[in-house]
Amino acid sequence: MENIFDAHAHYDDKWFDEDRDSIISALPESGVVGVVSNATDLKTAEFLQGYAEKYPHIYFTAGFHPECLDDVPTDYLDKLERFLEHPKCVALGEIGLDYHWDTPRDLQKRIFEEQLILANKLNVPVIIHDREAHQDTMDYLKKYKPKGLVHCFSGSVEMLKEVLKLGMSISLGGVVTFKNARHSVECAEYVPMDRLMLETDAPYLSPVPFRGQRNDSRNIVYVAEKIGEIKGMTPQQVLDITTENARKFYGI
Ligand code: NI
């Protein structure tokens with residue numbers, strides 16, 4: 001298969017420390033035409049910028065993930081703005097709310113809101129992380145209406161309807177292939193093809209038959225197969241449409 005675009009991955013993760021360059025450089029041979037590797041703080045943004053400069057198919061984002069708020073400098077918004085001036089920094093992300101872990105919620109909300117305001121000021125897309133925080137996440141999205149992608153969408157079809165009403169898109173990954181993935185499959189059925197992108201969230205969330213192992217962008221084909229089954233399309237049709245969507249969304 002060809003024309004694979006991974007709308008959300010983390011190639012800075014230490015799981016790739018031993019062979020990061022050989023994995024990344026081999027992706028185009030397997031049909032991968034683009035990867036957006038998401039930062040979780042300033043350090044990872046800088047690291048990923050280096051890879052984006054080295055490899056034509058790698059793009060990056062800059063932003064503070066809700067689980068990475070221990071050392072947010074007071075001038076972080078200026079620093080994010082500098083990153084977003086880079087031609088291959090294609091979104092502000094990943095940002096959002098995560099109530100699974102115990103980062104203080106008021107801190108998460110403040111940083112999320114400040115980054116949403118920055119994204120709207122700069123007119124750049126945002127990558128949204130929402131884990132067990134659906135209601136609060138939706139409240140902020142409704143308030144700021146960013147150009148956004150809710151990645152690894154884990155909400156219900158009801159929430160999906162609200163996201164779509166705001167003009168936003170979702171990305172789905174390996175979870176849709178899991179046996180217990182009822183929500184994810186229902187959302188894949190419901191989402192219009194022009195609002196869907198495919199992602200890995202690599203190195204996490206490998207699709208079946210590699211569940212639990214390290215994930216990388218080549219495994220998107222398993223997600224495309226599953227979505228194709230659900231939508232009555234060939235996997236290649238799914239790849240072509242979702243790649244086009246990702247290019248449009250990220251302005252690539
Ligand atoms: Ni992620």
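Okay, let's start with Trp15, which sits in the loop that runs between strand E1 (4–9) and helix H1 (20–26). Before I go on, keep in mind that this is a predicted model. Trp15 has a relative accessible area of 39%, so we call it partly exposed.

Now to the metal. Which residues coordinate the nickel ion? They are His8 and His10, each through NE2, plus Glu94 through OE and Asp201 through OD, at 2.1 to 2.4 Å. Along the chain, those donors follow the spacing H-x1-H-x83-E-x106-D. His8 belongs to strand E1, while Asp201 is in the loop between strand E8 (196–198) and helix H8 (220–231), so this pair ties together parts that are 193 residues apart in sequence. And both His8 and Asp201 are buried.

What about the arrangement of the four donor atoms? Their angles around the nickel ion go from 83 to 171°, and therefore the arrangement is irregular.

Last stop, Ser154. You'll find Ser154 in the loop between strand E6 (148–150) and helix H6 (157–165). Its relative accessibility is 37%, so Ser154 counts as partly exposed. Leaving aside residues up to four places away in sequence, Ser154 touches Asp130, His134 and His183. For a sense of distance, take Pro56: Ser154 and Pro56 are 98 residues apart in sequence, and 31 Å apart in space, going C-alpha to C-alpha.

That's my tour, thanks!

Conventions: Residues are numbered from 1 along each chain as its sequence is written. This is a predicted model: local features need pLDDT of at least 70, side-chain atom pairs count only at pLDDT 80 or more; totals for chains, interfaces and linings use all residues. Side-chain values use heavy atoms; hydrogens and water are left out. Helices (H or I, at least four residues) and strands (E, at least two) are DSSP runs, numbered from the N terminus. Buried means under 20% relative accessible area, exposed over 50%, partly exposed in between (1.4 Å probe, protein chains only). Contact means heavy atoms within 4.5 Å. Donors are N, O and S atoms within 2.8 Å of the metal (3.2 Å for Na, K and Ca); water is not among the atoms, so sites may look incomplete. Four donors count as tetrahedral if all angles lie between 85 and 135 degrees; four count as square planar and six as octahedral if opposite donors are over 155 degrees apart and all others between 65 and 115; anything else is irregular.
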